[in-house]
Structure formats: C-alpha cells, structure tokens
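Thank you all for making time this morning.

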Amino acid sequence: MNDAVVGHHCPECVKEGRRSQRPARTAFGGSRAGQLGYVTTAIIAVNSLVMIASAVVGGPKAILGGGGGGFGSLLGSSTRLTDFGAVLGHAIYGGEIHGVAEGEWYRLVTAMFLHYGVVHLLLNMMLVAQVGRYLEAQLGPMRFAALYLLAGFGGNVAAYVFQPANQASAGASTATFGLVIGAIVINRRLVKDNSAFTSLLVMNLIYTFFIPNISIAGHLGGLVAGGATAFVLAYSHQPHRSIKQAAGCAVILALIVAAAVARTASLLS
C-alpha cells in the first residue's frame, strides 16, 4: 500500500490514477517540459557545432578578424560552409550558377544556423539564451520550436525576396528577432510588463538600421513572421486550441513559401 493524504492506496489504484490524470499544460497549451529548456539548449548546440565545422574548413579567419563588414574586423570570413548554406538568390561563383532560384531551397533553412565568426555567433546565441528559455517555458517545446523555425525561415525568405540576387546573408538573427517580438506578444497576452523586451527590440532595430552590411530585410522579415506566429499561438482559444494553432502556423508557412516561389519565378523570367 502507498501512503496518501487520506488513508492508503494500493499500487494498482495509484497507477490507474496516473494514467487517467491529464498532464499539466502552460497557459498556451504547451507541455511543462519547456521549463527544462531542452529546445533552447539544442538550438545553441547546433549553431555552435556548425560554427566549429565552419572554422575547420575555413581556418582561423573564419572565427575572428576576417570578415570586416558591419563590426569592423570582428567578424569572421566566409567559408565553403557559409557559401554552401547562406541565403543567395541567383549568382555565379566558382564558375557555376548557385542560389535558391537554381533549386537550392535548403539555403532558406540552413542560413539560420550559419554565422560569420564567433562574435556573430555569440551575439545571436546570447539572445537565444535570454529570450528562448523564457519563451520555451511559456509555450512548451513544440510551440517554441515552431516559433523559432518560422521566424528564421520567414526572415530568410524576406532576405531572398528583397535583397539583390547576388547578395549572400546568414545568421540566426532572423529567428532571434522573431523571439524578441514573440516575447512581447506573449507578455501582452499574459498582461505582464514588457519594458525589458521592448528596450531589447528597440536596441536591435537601431543596430539593424545604423550598422552597415546587416540584412535589414532578413531582420524585419523575422520580426513579422515571428510576431504573426506568436499571435497565433497566444490568441488561439479553446475549444480545439491546438488545432487552431497548427492551422494558423500552416497558413503562415504557406504564405512564406508562396513569397519564395514568386521571387524564384521573377528571377528566372
């Protein structure tokens, strides 16, 4: 027998009670396992491992002091890995035509896991660590992962659509902009103070517009896609909340893909 608040329960009764008990959920229908931060940790680990691989194929300058760009000599140089996975519309390099318009659609996903040097990586992963743990605890692992991926994908597609076809860009900042606006939307739904996240967003927008060689389209695209996804996750109500959230995310994904298809058609016409 197992001790209970009142009397004793047999082991079979306890097991049956656990099977029939509904698991605890967050305010938005997600699993409480999000408090453990597994998805946030996985995102940081994947980005870090890709940076290590880029340094292996690119040498020391892939880590620091080879890129110039918006942060002086602090960025790393491009490598075969960043050339392979960055957002690129349509261009000739290495004597061959490359880009999303040439069928390299994977670039719209891989670009959010690539960085030009360790400074670029650290700036983005600091945001993931700060904002990601909070959002994952609020949304649950699956919903948080959907927010991150849709924001990153949306920002990459925006870069593909609005940047010159021969301009390459990469970095998790498309996704991190979506996380910051997502935190603002979530806090507004929970009627919590937003001053810290609003200040963080304003600071990052200032960097976006006033530091050269930053993908403005990518950052703003991630902001829009992340905000729309967070709104769907935060403001879908019962009954059938999970279905409404999934349908809303599917619509956002479809719109992003449609924009990429339209851009491809215009480049190839």
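How do the axes of H2 and H5 cross, and within what distance do they come? They come within 8 Å and cross at roughly 170 degrees, where axes are lines fitted to C-alpha atoms, for helices over the stretch in contact, and angles run from 0 to 180 degrees between N-to-C directions. That makes H2 roughly antiparallel to H5, a label that applies to angles over 145 degrees.

Before I go on, a word on the origin: this is a predicted model, in which local features need pLDDT of at least 70 and side-chain atom pairs count only at pLDDT 80 or more, while totals for chains, interfaces and linings use all residues. Residues are numbered from 1 along each chain as its sequence is written, and side-chain values use heavy atoms, with hydrogens and water left out.

Helices are DSSP runs of H or I with at least four residues, strands are runs of E with at least two, and both are numbered from the N terminus. On the H2 side, the residues that meet H5 include Tyr 38, Ile 43, Asn 47 and Met 51, and their partners in H5 include Val 118, Met 125, Arg 133 and Glu 136, contact being heavy atoms within 4.5 Å. By class, this contact has 10 nonpolar, 4 polar and 2 charged residues; Ala, Val, Leu, Ile, Met, Phe, Trp, Tyr, Cys and Pro count as nonpolar, Asp, Glu, Lys and Arg as charged, and the others, Gly among them, as polar.

Now to the core. Leaving aside neighbours within four places in sequence, Leu 135 is in contact with residues including Phe 144, Leu 179 and Ile 186.

Lastly, the rings. There are 3 aromatic pairs, counted where the ring centres of Phe, Tyr and Trp (its six-membered ring) lie within 6.5 Å, with planes under 30 degrees apart called stacked, over 60 edge-to-face and the rest tilted. Phe 84 and Tyr 106 are stacked, at 4.8 Å centre to centre and 25 degrees between the planes. Tyr 134 and Phe 197 are tilted, at 5.6 Å and 35 degrees; Tyr 134 lies in H5 and Phe 197 in H8, so this pair ties together parts that are 63 residues apart in sequence.

Terms used. Parallel < 35°, antiparallel > 145°, perpendicular 65-115°, else oblique.
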